[in-house]
Amino acid sequence: MIEHNVRLGKMMTRSKVLDHLIRDKDNVSIAMTQPMVRFENVTKRYGALTVLDGLNLDIARNEKVSIIGPSGSGKTTVLRMLMTLEQINGGVIWVDGEPLTHMNKHGQLVPASERHLRRVRAKIGMVFQHFNLFPHLTALQNCIEAPVSVLGLSRQEAEARGAELLDMVGLGDKKNHYPIQLSGGQKQRVAIARALAMRPKVMLFDEVTSALDPELVGEVLNVIRTLGTEHDLTMLMVTHQMAFAKEFSDRVCFFHGGKIAEQGTPDQLFGDPQNERTKQFLSAVLEAR
Amino acid sequence: MNEFALSLTFSALARGLLVTAAVTMAASLVAVTMGLVVGLCRVSPRRSVRWPAIVYIEFFRGTSLLVQLYWWFFVLPIFGVALSPWTVAIFGIGVCVSSYGAELVRAAIRAVDRGQYEASIALNFSRATMMRRIIVPQAIRAMLPAWGTLLIELLKGTSLVFFITISEFTSSAKSAADATGNYLFFFAIALLGYYIVARGLITPFVRWLESHLSRGFVRITAP
Ligand SMILES: Nc1ncnc2c1ncn2[C@@H]1O[C@H](COP(=O)(O)OP(=O)(O)OP(=O)(O)O)[C@@H](O)[C@H]1O
Ligand SMILES: [Mg+2]
């Protein structure tokens, strides 16, 4: 109960922050209060299919946002656009006050160059549903490859950091195992450590427990829980784990048909949903359990 | 037939086998190197890199190996480029086979799981580093068996170097058969000789590469 109050308190100051931003929409130099991630009127189409239609979403620094919604509602697409795995067809995505999908040229926003993308993208990390570990590298090598070849860390430094992160996710003793020698839950924890090794400010999780056997879900969620409480990370996760979303997030967004149909604190959204679609979705999900 | 003539015949045969094995190995090196280079160019996002690779592959794969050898050997001198028979044998065959190899490289790179590319982007790899450290190592393992087959094809193709004046294994077997009249025996030896080079040289080499490169792909059984 106390925890919830604290959360609600946080939520209130945050929504004030957002109000302020909406008023000052054109002023991008609001250093302290600017959102960590901003989707500004973002549209994504696949051919004739409009998957996201003018999405507006601000995520504050260190905020934990869960995205829920029916299959095909565009949840994965939101994360993939932010990771620059998909190009957008309209609007701008901002990260930490800078445009991600675009860059400033003579005072105008033009589509980002590869160089610009690489610079801004460095602030974002992602964990995938199917792990996507590098099969030819051990757990530790998976965690040091990018720090060495992208960040330019020395091998010793990278190994120290990688080992520390593997310890943190409880895999200190599996450093030299190849992915094929690990269980699904262990693979996913390596994948989390690998993403963290790049020191991102924003972490994206796309249904990271969906491919796991039920008894392995807990160990991965525990790692995410620890991350959320002990580190300064903005987290955006797509999940079907309603209980976890409820307990962990500051805010839950319900997606439907490429739009945010409803959003609010977990208590609001799960306890007292306003939108018909949300109610239907939640009762369907709860029935299925 | 006296013993002296017979021993001459056998030493010629042995030399032919050595020539075939040497051309096979040297041309294989050329084929693998050029195959990798051209195959990587073939999947480049840049047109200016991709197009020369496409032309290379289409040309060398689409025309006859023997005619290509004739060009290197008989036509290039007309333009003032004279190459030794061995140079033509090694590079002519190597280049031709590399055009097939480049397609193997391309297919193997395309076959690497999309998730590997996406994870590489998420970790902010540059394209070059991603290819070098993540994609190509996986593709190489996947394409090794196909390379084994291709290099055996290359071995069989080496008999064509007879037409540019090199006496290799097939031609020495033919001479021996002509000289002795014993076609059954010498062509049986010829068949066996190719089989031995393929199975004794190429297959073990590819196996060796596979076992050295397959870590992480084959579950290592507990001791
Ligand atoms: N590469 C693609 N090409 C064409 N259509 C696509 C592509 N990727 C996604 N879509 C479509 O975009 C829509 C949104 O997909 P998305 O993966 O974001 O859904 P989701 O909310 O994550 O669903 P799920 O819960 O099933 O994962 C779907 O209708 C999907 O078919
Ligand atoms: Mg999805």
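**Two chains and a ligand**

Colleague: How far apart do the end C-alpha atoms of residues 37-282 of chain A lie?
Modeller: Start with the make-up of this span: 37% is helix and 28% is strand. Helices (H or I, at least four residues) and strands (E, at least two) are DSSP runs, numbered from the N terminus. The end C-alpha atoms of residues 37-282 lie apart by 27 Å.

Colleague: What kind of model is this?
Modeller: Residues are numbered from 1 along each chain as its sequence is written, while chains are lettered from A and ligands numbered from 1 in the order in which they are written. Side-chain values use heavy atoms, without hydrogens and water; local features need pLDDT of at least 70, side-chain atom pairs count only at pLDDT 80 or more, totals for chains, interfaces and linings use all residues, and the model is predicted.

Colleague: Which feature does UniProt list for residues 37-282 of chain A?
Modeller: The entry is unreviewed. UniProt positions follow the numbering used here, feature names are shortened, and annotations may be inferred rather than shown by experiment. For this span UniProt lists "domain: ABC transporter".

Colleague: How many residues surround ligand 1?
Modeller: A residue counts as near if one of its heavy atoms lies within 4 Å. The closest are A:Ser71, A:Gly72, A:Lys75, A:Thr76 and A:Thr77. The number of residues around ligand 1 is 13.

Colleague: Which element gives the most to the shell around ligand 1?
Modeller: Strand S2 (49-59) and helix H2 (75-82) of chain A each supply at least two residues. The top giver supplies 3 residues, and that is H2(A).

Colleague: How far is an oxygen atom of ligand 1 from an N or O atom in the side chain of A:Ser71?
Modeller: A polar contact here is a pair of N or O atoms within 3.5 Å; within protein, one must be able to donate a hydrogen and the other to accept it, and residues adjacent in sequence count only if both atoms are side-chain atoms. A backbone N or O atom of A:Ser73 lies 3.2 Å from a ligand oxygen, and a polar side-chain atom of A:Glu207 lies 3.4 Å from one. For the side chain of A:Ser71 the distance is 2.6 Å.

Colleague: How many helices does chain B have?
Modeller: Strands number 0 in chain B. From the N terminus on, the elements run α-α-α-α-α-α-α-α. The helix count is 8.

Colleague: Why does the end-to-end distance of helix H4 of chain B agree with its length?
Modeller: The expected span is 1.5 Å times one less than the number of residues. H4 (residues 85-111) has 27 residues, so the span should be 39 Å. Its end C-alpha atoms agree, because they are apart by 39 Å.

Colleague: Where in H6(B) does a kink lie?
Modeller: Helix H6 (residues 127-157) of chain B has 31 residues, but its end C-alpha atoms are only 37 Å apart, short of the 45 Å that a straight helix would reach. A bend is the angle between axes fitted to the seven residues ending at a residue and the seven starting there. The kink is about 45° and comes shortly before the proline B:Pro145, at B:Leu144.
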